Amino acid sequence: MIVWSLFLLMIGVFLALDLGVFNRDSHVISYKEASRWTLIWSIIGLSFSCIIYIIYYNGWLAPSSKTSSPFTASIEYLTGYIIELTLSIDNIFVIAMIFRSFKIPLKYQHRVLFWGILGALFFRGLMIVFGVVLMERFTWSTYVFGSFLIFTAIKMALTDEEKDFDPKSSIIYRIIRKLIPVTGRIDSQRFFVKKGGLNIATPLFLALVLIEFTDILFALDSIPAILGITRDPFLVFSSNIFAILGLRSMYFFVANMLDSFHYMQHSLTAILIYVGIKLILANHYHLSLGLSLGVIALSVILGVYFSIRYKREHTTEELLLK
């Protein structure tokens, strides 16, 4: 319990420093600033694996039945962290579409993403607890989760529905419009404005709610995926949280380069299929953690390599045509 309290306190300090010190004034996040913060959050996220080792080595947190050693716990955390970061790429695309749809200025986007994280902490925490309990008490649930991941992967490979995504046509958007008054005018970084004695939601609030909802939808994929690696609640939660914390800076770093990641969709498909198979086999055959980390790392590396190659070849072709 002490470890959990200290971890949540640490996250609270990070968030307070982020909004209260480093980003107190709304401003456009430059590519250079986004690159710097992406690097910082990546270093913090990866370095936390060393803290995981210390925690389990000293017995400050009781390991789950599947976590046999401090080293195993560290590798499980790293594998889960890489999975979450990789699956975040699709999330970044949808976030960009939401901001574009509501015409949210760049200098206010960071604030929306910041408050979105607070909701993600709560909802992902609930989903992790529910998922762990379900898989521990009902072994057959691994077949359900595994099949769901494979179905999602196949659907992802065969369809391209995200490019047709329109936030204003979603059910959540229509529900919000019916429940509370909404204005199309952005008033600084406010989520609500006073008008005629009423609190009226601005486009920033609509974007926040939709981003929160899409994060829950993406968590339906990412939570079962990481539960295929480890069922230790602390490892699942901490890897999720550090991936989410890094998502904001990664958004500003990657959002303008999404077209460059042409083959990353195939990487996501391969990862989800592998973890789905791992979950289905979990009650009969154990796939080693080293194999899991290798498959995931290789999928990401190949996706990045072929994406860069594709971009370079098409850029050369465009220059020749000119």
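**Note on the predicted model**

1. Serine 292 has its place in helix H10, residues 289-321. Helices here are DSSP runs of H or I with at least four residues, strands are runs of E with at least two, and both are numbered from the N terminus. Serine 292 has 0% relative accessibility and therefore counts as buried; buried means under 20% relative accessible area, exposed means over 50%, and partly exposed lies in between, with a 1.4 Å probe and protein chains only. Not counting residues up to four places away in sequence, serine 292 touches Ile229, Tyr274, Lys278 and Leu287, where contact means heavy atoms within 4.5 Å. The C-alpha atoms of serine 292 and threonine 79 are separated by 7.6 Å, although the two residues are 213 residues apart along the chain.

2. On the basis of the values: this is a predicted model, in which local features need pLDDT of at least 70 and side-chain atom pairs count only at pLDDT 80 or more, while totals for chains, interfaces and linings use all residues. Residues are numbered from 1 along each chain as its sequence is written, and side-chain values use heavy atoms, with hydrogens and water left out.

3. The overall layout comes next. The protein chain has 10 helices and two strands, in the order α-α-α-α-α-α-β-β-α-α-α-α along the sequence. Of its 322 residues, 48% count as buried. Among contacts between residues at least 6 apart in sequence, 80% join residues at least 24 apart.

4. Which residues touch the most other members of the largest nonpolar core? They are Phe99 and Phe234, in a core of 85 residues. A nonpolar core is a set of buried Ala, Val, Leu, Ile, Met, Phe, Trp, Tyr and Cys residues joined through side-chain atoms within 4.5 Å. Leaving aside residues up to four places away in sequence, phenylalanine 234 touches Val3, Trp4, Phe7, Phe48, Ile52, Ile55, Tyr56 and Leu61.

5. Helix H5 (residues 141-158) and helix H7 (residues 203-227) have axes that come within 10 Å and cross at roughly 125°. The axes are lines fitted to C-alpha atoms, for helices over the stretch in contact, and angles run from 0 to 180 degrees between N-to-C directions. H5 and H7 are therefore oblique to each other; angles under 35 degrees count as roughly parallel, over 145 as roughly antiparallel, 65 to 115 as roughly perpendicular and the rest as oblique. The crossing of H5 and H7 is left-handed, meaning that the near helix is turned anticlockwise from the far one by less than a right angle, whereas clockwise would be right-handed.

6. In this pair, Phe145, Phe148, Leu149 and Thr152 of H5 meet Leu220, Asp221, Pro224 and Ala225 of H7. By class, the contact of H5 with H7 has six nonpolar, one polar and one charged residues. Ala, Val, Leu, Ile, Met, Phe, Trp, Tyr, Cys and Pro count as nonpolar, Asp, Glu, Lys and Arg as charged, and the others, Gly among them, as polar.

7. Lysine 103 is not a glycine, yet has a positive phi of about 55°. It is found in the loop between helix H3 (70-101) and helix H4 (106-137), and at 64% relative accessibility it counts as exposed. Serine 188, also not a glycine, has a positive phi of about 55°. Serine 188 lies in the loop between helix H6 (171-179) and strand E1 (192-195), and at 37% relative accessibility it counts as partly exposed.
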